[in-house]
Amino acid sequence: MENSEGVKIESTVVTEEPLISALDIALFVVIITVAYFWYFKRDKQSSSSEKKPYTIQPSSLSSIEQTSNSSFIKKLKSTGRSLVVFYGSQTGTAEEFAGRIAKEGARYKMKGMVADPEECDMADLVEMKEIQKSLAIFCIATYGEGDPTDNAMDFYEWLQNGDADLEGLNYAVFGLGNKTYEHYNEIAIYIDQRLEELGATRVHEIGLGDDDANIEDDFVSWKEKLWESVCSHYGIEETGEESNIRQYKLVDCSEVLPERIFSGEISRLKSYENQRFPFDVKNPYLSKIAVNRELHKSGDRSCMHIEFDIDGSKMRYDTGDHVAVYPKNSSELVDKIGELLNADLDAVFSLLNTDEESSKKHPFPCPCTYRTALTYYLDITSNPRTHIMKELIEYASDPKDQEKLKLMASSTPEGKKEFHEWILRDNRNIVHILEDLPSVKPDLDHLCELLPRLQCRYYSISSSPKVYPKSIHITAVLVNYTTPTNRVNKGVATNLLAQLIPTNDELPQPTIPIYIRRSQFRLPPKSQTPIIMIGPGAGLAPFRGFIQERDYARKEGREIGEMVLYFGCRKKDEDFIYENELQEYVANGTLTKLHLAFSRDQPEKKYVTHLLEQNADELWNIIGEKSGHLYVCGDARSMAKDVHSIIVKVVMEKGQMTNSQALNYVKKMEQQKRYSADVWS
């Protein structure tokens, strides 16, 4: 038999012998009895825990909050709703879009609710047909290299592996993606097609949002046509009501005890004071900054080498993984909002969902001060979307400011043009808007409801756990730029990191919350497999870890394959990062070849792509004749695309293939994980 942990327990056969005493038998019976009760008590506890799985609930002071029911069908029926909007979100945008659709449903006599597929039993979709004039909408982002978001993974796998009969389910899908990535909106497209295959009825054609262009425009245009299709499909008419209904109500928490007030924790109150393993997106580890040094030798730009101390945390990472860093907004911007709105930033408040059936009781951890919300929980540096413009209209006392907001909130060509130029092109954030439209004075609690959540930032880990098991290294470029309105915008995370400089051992070291995100960007299983790495600038980061790992294997006496690195930067004497390390790896034989491109050290620009074209024979020898692996890290918009084109061209010429055959060859490399990309736009 097996115990609750699945470990086999072998029964012991006791052979009677005349020498055994009555006392021995009595002791034996006692031991067996104790073991019996101990085992079944554990088994009962285990069974109990299986029936009621542990879930992390949003932290709250309110007693209203209870464990959410996974049956969204029951919630729809009990509250007289017919519209459910699911979201697959990694950064919060899909969740925001889902909320806007659910809110608008009231205009079409469709009371809606927003649902996280991770918290729902998605098999209940088969029961949607029991609700009259029901509709399921999916706002689904594609993450990484064609992967579902974390919270949509189970739903995606359910669709892949199941064969549920979804006849009677009416649905529509909006995808969030980025055209600079190869797998553009792949997950949304799959879900849209798979739902139809399972018998569901598509009420409106799929919408594909491109975050590289203007995803807000894509969404608004799709949403308008969606409601036209909904009206036609169900034979309903728009009520014409466009009132701004608050999703959350303000609760005064001035009497709440200080120990019950959030001060920046992501989920659990006092989680930074009482750290508990495991650490993840809802429970980050407060890591000390062990090293923070400048990598650039000169010039006006900055690239930082930062080491996070994870000693004693039980955190483990693999070479190629990412580390998520939770930033905070600058006090200067936070104070500016307080000044512009004449608000007491230290007042303690809570925002409570007006929908009592919603599993999301608060937009962020509550109660807290306005200062905490604006510093740790809300994104005040990105470009606000059009729905925020719409909500701000009622707070404008100047007719000119009011008309400007109305125009930018509209879907007319003139409105879209104004929004694109004044918000996107001029790169205005909410602080800039309040500065440039001085009559707009929104209630601070309403503004906190409208602003999106501040998201963690992901960095490729630039170290190997074989060499640095107690620390995580990153390579981060400091982001600072001047906007068309002559304002200086600063990267939230990198500018915070730049300030976290370790001091001597006698003083407390600076800390920052982090967690590890797994990646598919992996070295080949066999150390003998040859690899090519292409990583200009900070794209070198994961390859530093790759090289460290292969160097470790070499020092252990294992055979390692060829390692070819293509690295590029502007000037050798200015931004050639990790130069000494790389030269040492070349000298000891770990790095077979180091191809360098310094774009501004000669009259004509020279990039890594030029070197790739020059070394076609070497490329084909490794990826074609030796079945090696190829890795790309860096800019997705141009560099990664150019590299892909060059690889296809090399395969055509050196492999003597047609264009179609070469594309299929490269596609097969990707499927076999022999061609991997870790890119950003």
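Okay, housekeeping before we start. What we have is a predicted model, where local features need pLDDT of at least 70, side-chain atom pairs count only at pLDDT 80 or more, and totals for chains, interfaces and linings use all residues. Residues are numbered from 1 along each chain as its sequence is written, and side-chain values use heavy atoms, with hydrogens and water left out.

Let's start with the backbone. There is a cis peptide bond running from F277 to P278, with omega near 5°. P278 sits in the loop between β8 (248-252) and β9 (285-294). When I say helix or strand, I mean DSSP runs numbered from the N terminus: H or I of at least four residues for helices, E of at least two for strands. Another cis bond joins C366 to P367, with omega about 5°, and P367 is in the loop between β12 (348-353) and β13 (368-369).

Now go back to that β8 to β9 loop, as K270 is in there too. Its phi is positive, near 65°, and K270 is not a glycine. K314 also has a positive phi, near 70°, again in a residue other than glycine. You'll find K314 in the loop between β10 (303-309) and β11 (322-325). Is K314 buried or exposed? K314 is exposed, because its relative accessible area is 56%; the cut-offs, with a 1.4 Å probe and protein chains only, are under 20% for buried, over 50% for exposed, and partly exposed in between.

On to the rings. The structure has 25 aromatic pairs. A pair here means rings of Phe, Tyr or Trp (its six-membered ring) with centres within 6.5 Å; planes under 30 degrees apart are stacked, over 60 edge-to-face, and the rest tilted. Take F174 and F219: their ring centres are 5.3 Å apart and the planes are at 70°, so this pair is edge-to-face. It ties together distant parts of the chain, with F174 in strand β5 (residues 170-177) and F219 in helix α6 (residues 215-234), 45 residues apart. Both F174 and F219 are buried.

F521 and F543 give us a tilted pair, 5.9 Å centre to centre with 45° between the planes. Here F521 comes from the loop between β18 (511-517) and β19 (531-534), while F543 is in helix α15 (residues 541-555), 22 residues apart. F521 counts as buried because its relative accessible area is 3%, and F543 is buried at 0%. There is also an aromatic cluster made of F72, F86, F138, F155 and W158.

R428 lies over the face of W422, 4.0 Å from the ring centre, and R517 lies over Y458 at 3.5 Å.

Last stop, the annotation. An unreviewed UniProt entry lists a "binding site" that includes R600 and K606; such annotations may be inferred rather than shown by experiment. R600 is in the loop between β21 (593-598) and α18 (608-614), and K606 lies in the loop between β21 and α18 too. R600 is partly exposed, at 42% relative accessible area, and K606 is partly exposed at 31%.

What does R600 touch, not counting residues up to four places away in sequence? R570, K571 and K605, where contact means heavy atoms within 4.5 Å. With that sequence limit again, K606 touches L596, A597, F598, S599 and L611.

Methods:
Lys NZ or Arg CZ within 6 Å of the ring centre and 35° of its normal.
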